[in-house]
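Dear colleague,

Please find below the structure for your review. The findings follow directly after it.

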Amino acid sequence: MSFRQRILTGDTPTGNLHIGHWVGSVKRRVELQSEHDCFFLIANLHAYTTRADKPGDIHQDCIEVARDALAMGIDPDAAAIFLQSEVPALAELTYLFSMLLPFNRVMRNPTLKDELQVKGQADNYSFGFPLYTVGQTADILAFRAHSVPVGEDQVPHLELTREVARRFNKMYCGVPDKALDEDHESLGGVFPIPLADVGKVGRLVGIDGQNKMSKSLGNAIHVIDSPKQVKKKIGKIYTGQDSRQPTDPGIIDPERNPLFQYLDVFVDDESTKADVRDRYERGDNIGDGEVKMLVADAINALLDPMRERRLAYEDDAKVLSVLRDGTARAIDATEQTLSMAKEVSGTGFFPRTLSI
Ligand code: TRP
């Protein structure tokens, strides 16, 4: 029996993607897309938690994220890339699910708490800010996803999602109280209880060697950077000593010296890596310049096919056509779930067909 797992994951659109996105999530998605039914969400409504006054920026960011994801190798035939705001079932399920969660339970989510503290401007955050976490449960459950590849910070949202699914299945589908998570579907529950698939390489350090790579901090290497720009950015990395002697090694701790994290992550050849490390540690006739060249070449080799693929999507209309197709597939999948959920929860009266 062949059983294709359904996978849903997504990102809040922030604009152009960088090699930190590749390492942290996109690479894994490219690997998963041929084996599973994949849906990749652009969570543009979530962007309104902090940027409701920037609709034009958010709109364009959606297109940039999609273009770069396609450049990185997401195959639009294999995976559906789609827009959260254009899939009505997501908003409808959010409303229904919000009734199944105690308010205090929503507010206890540690990821949400952190965000409210950092980005919520004291107590002036919108009502919709905490609501986004309930929205995320709908994003996942609307697809009846089995697995959700995410970073560590998203795990509390997955826990909330699992609670919503269990509660819904028990309240409306007659799944017994003591049912095991893996039995919910076979016992008649509308929703499988989804699992978080937490990636190993979370955090790529930026070229400042201090912070996580991030567009807004200006420490990122983007897919749109030219080979020259990549060389220049790598060239500027500070490695501990500017004019050290060969016998005076710089910082080799990859957490503090981005050069060595990049060497680990982007250079494939194990013996080259070991050799460089060894010579650097011993101060054996190797300068930063040589390591930098190696790293810049490796990153450019990774980016080259991405640059090539990106050319086919330079026109916004091409990207929009991919998004339209992906969104239509997302609508099909979620309307099915929604009609099941409406039937058992007493909210369904008239069947409907949606199209875009
Ligand atoms: N909260 C996620 C982020 O900011 C984005 C997201 C929205 C998401 N809905 C999702 C991730 C559903 C996984 C599944 O990165």
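Helices and strands here are DSSP runs numbered from the N terminus, a helix (H or I) having at least four residues and a strand (E) at least two. Axes are lines fitted to C-alpha atoms, for helices over the stretch in contact, and angles between N-to-C directions run from 0 to 180 degrees. The model is predicted: local features need pLDDT of at least 70 and side-chain atom pairs pLDDT 80 or more, while totals for chains, interfaces and linings use all residues. Residues are numbered from 1 along each chain as its sequence is written, and side-chain values use heavy atoms, without hydrogens and water.

Helix 9 (residues 227–235) packs against helix 12 (residues 288–311) at an angle of about 150°, the axes being 9 Å apart. Helix 9 is therefore roughly antiparallel to helix 12 (angles over 145 degrees count as such). In this pair, P227, V230, K231, I234 and G235 of helix 9 meet K292, V295, A296, D297, I299, N300, L303 and R307 of helix 12 (contact means heavy atoms within 4.5 Å).

The domain assignment gives domain 1 (6–204 + 315–345) and domain 2 (227–310); such bounds come from an automatic or database assignment. Their contact takes 13 residues from domain 1 and 11 residues from domain 2. The C-alpha centres of the two domains lie 36 Å apart. About 960 Å² is buried between domain 1 and domain 2, with carbon and sulfur atoms giving 68% of that area (accessible area, 1.4 Å probe, lost on putting two parts together, summed over both). I19, A71 and L204 supply 50% of the area that domain 1 buries against domain 2, more than any other three residues.

Yours sincerely

Terms used:
Parallel < 35°, antiparallel > 145°, perpendicular 65-115°, else oblique.
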